[in-house]
Structure formats: structure tokens, C-alpha cells
Amino acid sequence: MRQRVHDALRLPNHKIAISSGLKRDIEAALGDLRMAVVPNAVDLNQFDAPARTRQAVPTIGFIYAHAAIKGADRCLKAIALAREHIPDLRVVCFGADQPGPDLPLLPNSQFTHRPAQNALAANYSACDAWLFASRLDSFGLPILEAMACRTPVIGLAIGAAPDLLVDGRGMLVEGNNESELIDRLASAIVAMVRQPAADWLAMSNAAYHHARSYSWQDAAHRLENEL
């Protein structure tokens with residue numbers, strides 16, 4: 001199957017990736033394909049939230065999923081480590097999978113199974129930070145959804161995260177091995193919720209304004225131009 005995908009990608013046609021990270025990954029394997037990049041956008045009517053201050057009880061969120069590729073296990077381990085420094089750290093999460101014994105939720109967690117589309121923004125905006133810990137992702141749409149709800153993101157350098165979580169809009173985490181990644185995610189959680197309130201608000205606003213600077217209409221126009 002991988003060879004068939006590579007053969008298709010080598011065909012002499014115009015190729016469009018949805019993130020710079022995806023383009024880099026593909027071209028690292030196959031060489032320069034002259035791929036264009038048209039990033040995803042989110043529905044700015046659905047994903048929105050009023051300005052707010054950081055909460056009295058620090059709250060972190062993530063997508064719960066059984067599939068290892070989504071990295072929920074990393075989120076749970078990092079939150080458990082962060083709670084050694086912030087015992088009252090609260091968790092908000094949602095997903096298409098029900099929590100199970102192989103990947104149990106931590107105490108003081110609020111989980112919603114398959115929330116309605118019109119409830120997603122409330123989940124994101126209930127958090128002071130959102131975790132993105134995927135092992136592989138072409139973009140990572142929850143990053144942008146959270147940002148559009150004024151929630152800064154702590155993310156690994158996967159998919160669109162290296163493009164989105166810069167310039168004070170979030171925290172980008174890298175590491176040389178699994179243990180180091182989890183330790184650094186935990187440290188970033190602690191740093192995020194302990195930073196001065198004014199710094200958190202500046203990050204929240206920066207994330208929000210960047211997410212709203214690029215709409216579905218903008219993405220459609222860029223795609224049309226490439227076509």
C-alpha cells in the first residue's frame with residue numbers, strides 16, 4: 001500500500017498539501033515534488049469565544065482516543081506529571097471513543113462522548129490550555145479549533161503545529177525520545193498555567209486573532225488559485 005501511495009504521489013500532476021509539515025514529510029521521502037500548501041481553516045462562526053481571563057482552577061484539555069496515533073496516552077501521562085506541581089489541575093476532554101480500562105481517565109476529569117458540534121466551542125473555551133500530542137498528523141485541526149476559542153495550545157511539532165504555535169500563540173514542544181517528550185509536555189503545562197495572568201491573556205488573544213485571520217473563504221480562494 002505504501003508503495004502505491006508513493007507511486008501516486010510521483011505522478012506528474014499538481015499536488016497540494018494541507019500543512020507545511022505534511023509537505024516536508026512527503027518530500028523528505030520522495031524528493032522535491034513542487035507541492036503547494038493550502039492550510040486548513042475552521043468555521044469561525046462555530047468556533048468562537050468571548051475574551052476571558054485565566055480560570056481560578058487551572059484546566060487542561062485534550063482529545064480522548066484509543067488509537068495510539070492520536071497520543072491521548074501521552075496527554076494523560078503529562079497531566080499526571082503536571083499534577084505533582086499543580087494538584088488541583090482539572091481535565092476537560094471529549095472524543096468518539098468511550099474511556100476504557102486500557103486508557104483510563106484521571107480523577108477530576110470531565111469527559112463528553114461525541115459532543116454535538118455546537119458544544120465543541122464550549123469544551124475548548126473551558127480550558128486554559130489544550131494539549132496536542134499526536135504521533136502522526138497531516139494537520140491537527142483541534143489546534144486551530146482551540147485557538148479560535150481563545151485557548152492556547154501546547155503541541156508537539158507535528159502537522160501544522162510548527163506553523164501555528166509560534167510568535168506567542170502557544171507552546172511548541174520537542175524531545176529526543178518518548179520520556180523526554182512527556183516530561184516537556186508536563187513542564188509546558190505547568191509553565192502555561194503559572195505564567196503571569198497578563199502573559200496568558202496575551203497568548204490567548206494572539207491565538208484567537210491568528211485563527212480568525214484565515215477563514216474557510218480564504219482557504220477556498222487559495223485552493224482555487226492553485227487549481
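A nonpolar core is a set of buried Ala, Val, Leu, Ile, Met, Phe, Trp, Tyr and Cys residues joined through side-chain atoms within 4.5 Å, where buried means under 20% relative accessible area with a 1.4 Å probe, protein chains only.

I note that this model is predicted, that local features need pLDDT of at least 70 and side-chain atom pairs pLDDT 80 or more, while totals for chains, interfaces and linings use all residues. Residues are numbered from 1 along each chain as its sequence is written, and side-chain values use heavy atoms, without hydrogens and water.

I looked up the largest nonpolar core, and of its 33 residues Ile60, Phe62, Ile79, Leu131, Ile154, Leu185 and Ile189 touch the most other members. Among the elements (DSSP runs: helices H or I of at least four residues, strands E of at least two, numbered from the N terminus) that give two or more residues are β3 (59-63), α3 (72-82) and α7 (178-194); the largest share, 9 residues, comes from α7.

I then asked what Leu131 is in contact with (heavy atoms within 4.5 Å), leaving aside neighbours within four places in sequence, and found Ile60, Gly61, Phe62, Cys75, Ile79, Ile154, Leu185 and Ile189.

Next I traced the open sheet, whose 6 strands have the order β5-β4-β3-β6-β7-β8 with parallel pairing (two strands pair if DSSP finds at least two bridges between them). The edge strands, β5 (109-113) and β8, each pair on one side only. I counted 4 bridges joining β7 to β8, and I saw that Gly155 stands opposite Leu172 in β8.

Conventions: Buried < 20%, exposed > 50% of the residue type's maximum accessible area, 1.4 Å probe, protein only.
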